[in-house]
Structure formats: C-alpha cells, structure tokens
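Please examine the sequence and the structure shown below. The explanation that follows them is meant to be read with both in view.

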Amino acid sequence: MNIVVCVKNVPDSETRIKILSDGVSIDESMIKFDTNPHDEYALEAAAQLKEKLGGEVTAICLGDDNATSTIKRCLACGADNAIHLVAQNSRMADSLVVAQALANEIKNISFDIILCGKQSSDTDSHLVGGLVAQILNIPCISMVNEISVSDKKVAASRDVEGAKEILECSLPCLLTAEKGLNKPRYPSLRDIMKAKKKEIKRKEIMLNQGGIEILSMEYPPPRNEGKIVGEGPEAVSELIKLLKEEAKVL
Amino acid sequence: MDILVFAEQREGKLKKTAYEVVSVGRSLTDESNGKLTAVIVGYNIKNISKELGKFGASNILVADDERLDKFVPSAYSRVVSSIIKNKNPDVVLFPFSSMGKDLMPSVAARLGVSAASDCTKVEISDGEIICHRPVYSGKAVAKVSFSNKPAVISLRPNTFSITEKPVSPNITEVEIELSPNDFLTIIKEIVSAESKRPDLTEADIIVAGGRGIGGSEKFSILEELADLLGAAVGASRSAVDAGWRPQKDQVGQTGKTVSPDLYIACGISGAIQHIAGISSAKYIVAINNDTEAPIFKVADYGIVGDLFEVVPAIIGELKNVP
C-alpha cells in the first residue's frame with residue numbers, strides 16, 4: 001500500500017494576523033508556523049495504514065523554505081520519503097494552480113491512496129484535495145472520519161448535514177481527512193533522529209497566477225460592543241427581554 | 001451577467017441553501033440584466049423544483065434520473081459540469097455545504113477554472129464579480145476577482161438572506177449522459193441522524209457548551225434549552241476532545257464555522273480558535289462564571305454566573321411566557 005500525503009505549513013492557530021501595508025498580504029516575519037491541523041490526521045492515517053498493510057508513505061509539501069519544519073515532522077511521524085515543491089509566496093496561491101502542481105508531481109509516483117487534510121487553515125478553501133483527484137481522474141471521498149481498506153477497495157464514513165454516509169471506491173483514490181479520524185502521534189526523540197537521515201527531495205517550481213486575484217485583504221468588521229446584562233439567574237429576565245425586543249432573535 | 005446556481009436537495013427536500021443561492025443569483029442577475037438558471041439534480045424532483053420559482057428562479061433545469069437518487073459526487077459533478085459547459089454562464093454559485101464542498105472542486109477541475117469558496121459577500125463592481133471570503137480562520141477577509149469564466153463561487157450557508165420574488169418558471173428536463181466511470185465512488189449506506197435537531201450549519205439558534213459543562217450527561221440541560229428553542233447543540237473543542245460530544249458537534253477552527261442568528265455559549269471560555277468559528281453569528285450570548293473569559297469580549301450579551309443556575313432560569317422564563 002503506497003500512500004502519498006499532501007501537507008501544508010500554515011500559521012499556527014494562535015497567531016494574530018497582521019496585514020501588510022500593500023493591503024494584499026500578511027506579515028509573516030513574526031509568525032510561528034505549524035503543520036496544517038487537518039493534514040496531521042491525514043499523515044497519521046497514512047502511517048497507520050502503512051503499519052498495517054506495508055508499503056511506503058511519501059509526503060509532499062508545496063511551500064516556501066519555512067515548510068521544512070513541517071516536512072521534517074512528516075518524516076518523523078511515519079513518512080519514508082518527502083518531496084518539497086519549493087515555491088516562494090505561494091501561501092495564498094490559487095487552489096487550481098496548487099492542485100495542478102501537486103498532481104503533476106504525484107503522477108510520477110506509484111500510489112494506491114492519496115491523503116489530504118480536508119482544508120488548510122490559511123486559505124480555508126476546501127478545494128485542493130477534490131481538485132487533485134479530478135485532475136488525476138481518480139475517485140475521491142472527502143471529510144472522512146473512518147477508513148477501512150480491503151481488496152483494492154476503500155470504504156470510508158463521514159458526517160454530512162443530518163446523516164452519516166458510508167462511501168466506497170476502488171483504488172487508487174484520494175481521501176480528505178476530518179478531525180476525529182485518529183489521534184495524531186507525537187514523534188519520539190528516536191523518530192526525530194531517524195528522520196534526520198531521510199532525504200528531502202527539493203524541487204524549485206514556478207506557480208502561475210491562476211484565475212483568481214486577491215484585490216485586497218482586510219480585517220473582519222469588528223463586532224458591536226457587548227454588554228454584561230447582569231449576574232446569575234436574576235439577569236435572565238433582562239436577557240430574554242433584550243433578545244426579544246432589541247436583537248429580535250427570539 | 002448570466003448566473004447558474006446549484007440548488008441542493010436531499011431525500012426529495014430542498015435545502016435552505018437552495019433558497020439562499022437562488023436569492024443571491026436573482027439579485028445579481030437583476031442588477032446586471034442577466035439570466036438566472038437554477039439546476040437541481042436528483043430523482044423524482046420535478047415537483048419540488050417548482051418551489052424555486054417563488055424566489056425568482058425563472059429558468060429551472062432538472063436532471064432527474066434514478067441513478068442520481070443519492071448524492072454520488074462524481075456523477076453529480078459530471079451532470080452539473082456538462083450543463084455548465086452547455087449554458088456557458090458568467091457565474092456559477094454553489095452552497096458551501098458538504099455537497100457543495102464535494103461538487104465545486106470536481107466541477108472546477110473539469111472546467112479548468114479557479115474557484116472561490118465560502119464567500120460571505122458577492123457583489124458586482126464595474127461589471128466584474130467580486131467575492132469576499134474569510135481566510136486565516138476568519139482573522140482576515142480577502143476580496144477576490146476572477147480572470148476566468150465562469151467565476152465559480154460557493155456561498156457560506158446561513159449568511160445570505162432568502163428573498164421571495166415569485167415568477168412562473170420555465171422548467172426543462174435535461175438529458176443525462178452517464179457512464180460507469182461516473183460511479184467510481186458509490187454510497188454504501190446513509191444513516192439518518194437520530195436527533196431531530198437542525199444541523200449546526202443550518203440552525204437559526206445554537207446552544208453550545210464548553211469545558212464548563214463538565215461531562216457528557218450534563219449536556220442534557222443544554223439539550224433541553226435547545227429543544228425549547230428549536231436550536232442545534234454545539235460544543236467547543238475541549239468538550240469534544242474530552243469525549244462529551246461527537247466531533248460533528250464541534251464549533252471552531254478545526255470544527256464547523258457557523259452563522260446562526262443567535263449563538264448561546266455556555267461555559268465556553270472563548271479561545272481564539274472557537275471565536276474563529278462563530279464570528280459570523282449575528283448575536284452571541286455568553287454565560288460564564290469567569291468575568292475575565294475572552295468570550296465576553298465578542299458577546300453581545302453576557303451573564304456572569306453559574307450556567308447550571310442561569311440556563312434552568314432561561315428555560316423557566318421561556319416556558320412561563322406564552
């Protein structure tokens with residue numbers, strides 16, 4: 001079972017975002033970076049499948065030099081090989097352009113399953129996994145929270161609005177991971193040391209502009225100044241009155 | 001500007017997002033003197049498609065086929081993308097629902113165009129379509145324009161208003177060409193949720209609990225309030241990671257982004273990742289015994305106190321008033 005995991009290096013979830021004076025990009029100089037949370041579930045699923053069924057895990061990451069830390073983490077958490085598609089200023093790149101670059105690289109690899117996080121926490125697009133699958137013309141099951149592989153087939157479940165679905169497809173396929181799929185491991189010191197010996201294949205690539213242009217980046221509109229209605233159950237009557245008469249939501 | 005919208009239905013019922021995409025499509029086509037086409041895909045759905053006329057869908061294309069009874073992503077994507085190729089609209093609107101999240105990338109790749117997801121505002125400026133989309137988990141908003149046609153866009157559910165504008169629609173059935181290759185993914189089983197409560201992303205009101213709840217059985221007080229209000233029940237990451245609620249109930253950065261009219265946060269401190277998921281709620285109520293909890297900074301109304309005293313008092317008050 002050969003597995004490709006697509007990962008992205010993103011600003012840590014605690015990070016405060018500062019928009020630069022160009023009005024279209026953010027100040028990355030003070031940011032702490034981390035592996036995209038949903039990609040950690042994809043990576044863990046790949047590692048578990050490999051441990052069960054054998055084969056190799058290849059991590060592929062498109063990003064600038066900061067992404068090296070994420071790639072090293074992949075190598076310490078179950079990936080055997082890593083490919084770094086080095087593209088500067090690619091954080092907010094058009095999802096289609098990113099998917100084409102990933103697909104272009106993945107098609108040279110012999111794989112059974114591609115695993116991606118369902119979305120990255122910077123662009124929040126929820127697109128790249130589905131795009132890669134369609135470009136490679138393989139089936140895709142998105143937002144999976146359970147995977148079982150048998151006989152050249154994958155069954156996976158997911159929660160949609162008001163229901164749980166179980167889908168099935170043949171291999172090769174692409175799956176996107178939802179939180180809850182597993183508990184990502186922390187690498188041991190030994191894993192980290194071993195990972196240092198593994199090779200990271202670096203390839204410089206150029207991304208074209210794509211069909212979407214970011215015209216501006218702004219802070220979200222501030223919320224209205226709130227008020228403390230009161231303390232304890234005594235404040236409830238006033239709260240209900242405000243919700244009915246001022247907010248008109250009850 | 002010609003606009004084509006994907007009107008989602010499941011089990012023969014139109015979803016709320018269907019009315020949302022039609023309403024947005026109607027207002028944009030009215031503004032630009034364009035033509036609006038709504039596409040609905042499924043089986044035995046001709047009757048429900050008419051309802052879209054109430055919201056201004058003047059042209060409705062129905063892809064009705066037994067093989068499309070259940071949502072099979074690849075088959076739906078094939079059908080929708082061939083309709084788009086045929087109609088050549090300027091803009092295509094999807095909902096950013098589970099179905100839309102599956103369909104949009106697949107359709108965009110088939111058309112070879114870029115797409116903008118989870119938009120909270122769509123406007124026409126100098127004859128061009130401009131979308132506002134939250135990025136960095138809602139910490140910034142990007143305004144984007146398109147250089148490819150069609151502009152493929154998905155709309156955040158529960159964010160755009162539904163406007164009635166009755167027309168008598170032209171309903172046309174489209175011819176469907178599907179091959180076995182379009183069914184590489186199949187639905188094995190659909191288990192409907194036991195709960196009658198609305199889904200978090202569609203709910204008008206959400207009652208949510210965090211670490212302050214203290215255990216799975218203690219969520220019953222929030223469930224009681226939710227049922228009284230016809231609300232959904234949500235949870236913070238710590239409540240989910242503690243095993244008190246299932247993952248699908250999680251609100252926040254690694255959970256769901258929600259946009260209800262009213263979000264009642266009980267025993268939720270308001271970590272930055274949780275706030276990211278509720279920033280498009282219209283009103284936020286916070287009930288917390290810690291005056292310093294960051295949730296009070298974003299709440300419209302706050303009550304400082306023990307939620308196990310305050311929530312029963314709310315239930316009592318709501319039951320007493322006719």
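This is a predicted model: local features need pLDDT of at least 70, side-chain atom pairs count only at pLDDT 80 or more; totals for chains, interfaces and linings use all residues.

Residues are numbered from 1 along each chain as its sequence is written, chains are lettered from A and ligands numbered from 1 in the order in which they are written, and side-chain values use heavy atoms, with hydrogens and water left out.

Rings of Phe, Tyr and Trp (its six-membered ring) are paired if their centres lie within 6.5 Å; planes under 30 degrees apart are stacked, over 60 edge-to-face, and the rest tilted. Over all chains, four aromatic pairs are counted by this rule. One of them joins B:Phe6 and B:Phe94, whose ring centres are 5.8 Å apart and whose planes stand at 40°, so the pair is tilted. Because B:Phe6 belongs to strand S1 (residues 3-6) of chain B and B:Phe94 to strand S6 (residues 91-95) of chain B, the pair ties together parts that are 88 residues apart in sequence. Here helices (H or I, at least four residues) and strands (E, at least two) are DSSP runs, numbered from the N terminus. B:Phe6 is buried, at a relative accessible area of 1%, and B:Phe94 is buried at 0%; buried means under 20% relative accessible area, exposed over 50%, and partly exposed in between (1.4 Å probe, protein chains only).

A tilted pair is also formed by B:Tyr19 and B:Phe55, with 4.7 Å from centre to centre and 45° between the planes. B:Tyr19 lies in helix H1 (residues 16-32) of chain B and B:Phe55 in the loop between helix H2 (46-49) and strand S5 (59-64) of chain B, so this pair ties together parts 36 residues apart in sequence. Both partners are buried, B:Tyr19 at 15% relative accessibility and B:Phe55 at 10%.

Helix H1 of chain B also holds B:Thr29, which is buried at 1% relative accessibility. Beyond residues up to four places away in sequence, B:Thr29 touches B:Met1, B:Ile3, B:Gly34, B:Lys35 and B:Leu36, where contact means heavy atoms within 4.5 Å. B:Lys15 is in the loop between strand S3 (13-14) and H1 of chain B and is buried at 15% relative accessibility. Leaving aside neighbours within four places in sequence, the contacts of B:Lys15 include A:Glu161 and B:Glu202.

In chain A, A:Val128 is located in helix H4 (residues 128-136) and is partly exposed, with a relative accessible area of 24%. Residues up to four places away in sequence not counted, A:Val128 touches A:Ser95, A:Val98, A:Ala99 and A:Leu102. Helix H2 (residues 68-76) of chain A has as its buried residues A:Thr70, A:Ile71, A:Cys74, A:Leu75 and A:Ala76.

What space is enclosed in the structure? It holds five cavities of 30 Å³ or more, and the largest cavity contains about 50 Å³ of space. A cavity is a set of points, on a 1 Å grid over the protein atoms alone, where a 1.4 Å probe fits but cannot get out; lining residues have an atom within 4 Å of a point. Grid points are joined across faces, edges and corners, and a volume is the space filled by probe spheres set on the points. Among the residues lining the largest cavity are A:Pro11, A:Asp12, B:Tyr136 and B:Lys139.

Note on methods. On a 1 Å grid over the protein atoms alone, a cavity is a set of points where a 1.4 Å probe fits but cannot get out, and a pocket is an open set with protein on both sides within 12 Å along at least five of seven lines; lining residues have an atom within 4 Å of a point.
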